[in-house]
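Biologist: I have a model open and want to learn how to read it. Can you take me through the main features?

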Amino acid sequence: MLKSAILDEVRVHLSQGVLTLLEARCMNEAIAAADIEGLVTCESCNFQSAVTNGDYFICPSCERKQCRFCPRIYDENHFAKTCDQVTHEEHEREREEQDREYAELLQEKYEKEHEAEQRKQRVEQERLKVEQERHKAEQERIKAIDEDLRRKEKNIK
Ligand SMILES: [Zn+2]
Ligand SMILES: [Zn+2]
């Protein structure tokens, strides 16, 4: 970045030939920098360093312990596993998580429906009870009338 800023500043003073050479040189350097063997960029603070051995590097700037080959933190989930294995495990975990959420949802739905059903049954039972009591009261009323009538009949005889 610094180089291209300088280049922009001096550009007007240079001949086209020199400028072309300089620009080509800057581009080559940029490519070379990008090609440094084992260049690792810290995912958290963008600090770059070249790491040529080991599975992880510890960022000198923010102390993040990062996998050398992928942007993940190199923790017990990554230890002694390839990045592909970790990716695979992450997908597995995600799927398990989704399955569990789905099962919980189903369970909740079932419980709600079950509760609603029980409430409905309780209401229905209450209604039946009231109905039966009314029926019983009615029968007793009829019985009383009946007895009254019989008594009156007896009196007539
Ligand atoms: Zn860092
Ligand atoms: Zn990795």
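**Reading the model**

Modeller: Start with a loop residue: A80 is found in the loop between β4 (65-67) and α3 (83-156). This is a predicted model; local features need pLDDT of at least 70, side-chain atom pairs count only at pLDDT 80 or more, and totals for chains, interfaces and linings use all residues. Residues are numbered from 1 along each chain as its sequence is written, while chains are lettered from A and ligands numbered from 1 in the order in which they are written.

Biologist: What is the phi of A80?

Modeller: Near 65°, a positive value in a residue other than glycine.

Biologist: Is A80 buried or exposed?

Modeller: Count C-beta atoms, placed from the backbone, within 10 Å of the residue's own: 20 or more others means buried, 12 or fewer exposed, in between partly exposed. A80 has 7 such neighbours, so A80 counts as exposed.

Biologist: Where is N46?

Modeller: In the loop between β1 (39-41) and β2 (48-50). N46 is not a glycine, yet its phi is positive, about 70°. With 10 C-beta neighbours inside 10 Å, N46 counts as exposed.

Biologist: How many helices and strands does the protein chain have?

Modeller: Both are DSSP runs, numbered from the N terminus: helices are H or I, at least four residues; strands are E, at least two. The protein chain has three helices and four strands. Their pattern along the sequence is α-α-β-β-β-β-α.

Biologist: What does the C-alpha trace span along its principal axes?

Modeller: About 145 × 45 × 25 Å for the protein chain. Buried residues make up 4% of its 157 residues.
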